[in-house]
Amino acid sequence: MATDGEIITSFGNATIKLARSLADRKARREHGVFFAEGLEMLERAKAGGYRIRQLFIAENAAFEARVAPLRAWAEASEARVAHVAPPVMAKLSAMSNPPPVAALLEPKPAALPNVTQVTSEDTWVVLEELRDPGNLGTIIRTADAAGARGVILVGDCADPYAPEAVRASTGSVFAVPVATASVEAFAQWAAEWPGLILGSAATGAADYHGAAGRHPVLLLIGSEANGLSARLTGLCHRLARIPMAGTAESLNAAIATALLLYAVRRPFLEKK
């Protein structure tokens with residue numbers, strides 16, 4: 001691996017190869033890191049307490065003012081720091097205009113919240129079998145904006161640290177706790193939930209505008225293809241529908257989540 005002072009100019013550099021391999025979920029699991037890029041993205045990771053393993057600094061941005069705190073963060077974490085030639089940074093980046101910095105970071109998975117510590121204003125978004133990383137990142141961003149406490153992934157969901165999810169979250173993945181659970185583990189935990197369990201379903205009896213009559217709320221959203229499973233539907237106290245006209249069979253999962261989440265969070269957002 002390269003160390004500070006060395007400029008990486010080769011696409012065949014081992015660290016560059018590692019960073020590019022992290023587009024694959026198996027590689028992320030094997031190496032215990034994921035890739036993120038951009039000044040604001042890494043500033044949010046730093047603020048969120050994420051541990052950095054490798055910092056890449058574009059050769060032509062080494063003396064930018066906003067780079068210095070990121071370098072200090074890397075050094076405090078005993079991470080490696082490498083300067084990268086612009087063509088190599090362009091190869092690393094998924095952006096049309098490559099950013100001045102990128103990094104390899106360690107995931108920071110959250111645990112299911114302690115139900116005895118849930119407050120009356122808490123909302124958690126629960127996603128079952130959501131497979132699209134772009135949708136997942138957008139939902140994490142929306143959860144952040146709406147003031148949800150976190151996101152729970154149930155079953156075989158997309159990876160919140162996939163490059164597409166990280167980009168779509170615009171950094172909210174570093175601020176919003178994301179927990180994972182099997183269907184059965186979630187069902188056992190949800191049995192102790194002190195508030196409303198609200199599910200999204202086309203056949204729901206409640207209009208989504210006023211579906212959350214009490215709080216705190218677990219908002220359950222099913223997969224893009226199949227909606228909520230019978231197991232999770234059975235956990236719900238209430239099912240909400242979003243009325244639709246036209247010929248569309250369903251809404252995009254991220255859009256549906258945003259509509260429902262803002263309806264649930266409206267009493268608290270009106271105070272802002």
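**View 1. Strands β1 and β4 run parallel, paired over two bridges.** This is a predicted model. Strand β1 spans residues 7-8. Ile-7 has His-83 as its bridge partner in β4.

**View 2. Strand β4 also pairs with β3 in the parallel sense.** Five bridges link the two strands. Strand β3 covers residues 52-58. Here Leu-55 is bridged to Val-81 of β4. Between β3 and β4 the chain passes through helix α4, residues 67-76. This β-α-β crossover is right-handed.

**View 3. Strand β4, residues 80-84, is mostly covered.** Four of its five residues are buried. In a regular strand, side chains alternate between the two faces of the sheet.

**View 4. Glu-78 sits in the loop between α4 and β4.** Its phi is positive, about 60°, although Glu-78 is not a glycine. Is this residue buried or exposed? Glu-78 counts as exposed because its relative accessibility is 73%, and the cut-off for exposed is over 50%.

**View 5. Glu-129 lies in the loop between β6 (123-128) and α6 (133-146).** Glu-129 is another residue other than glycine with a positive phi, near 55°. Its relative accessible area is 24%, so Glu-129 is partly exposed.

**View 6. A cis peptide bond joins His-215 and Pro-216.** Omega is about 0° at this bond. Where is Pro-216 placed? Pro-216 falls in the loop between β10 (206-207) and β11 (217-221).

Definitions and conventions: Residues numbered from 1 in each chain as written. Predicted model: local features only at pLDDT ≥ 70, side-chain atom pairs only at ≥ 80, totals over all residues. Heavy atoms only, no water. Buried < 20%, exposed > 50% of the residue type's maximum accessible area, 1.4 Å probe, protein only. Pairing = 2+ DSSP bridges. Right-handed = clockwise from strand over helix to strand, strands pointing away.
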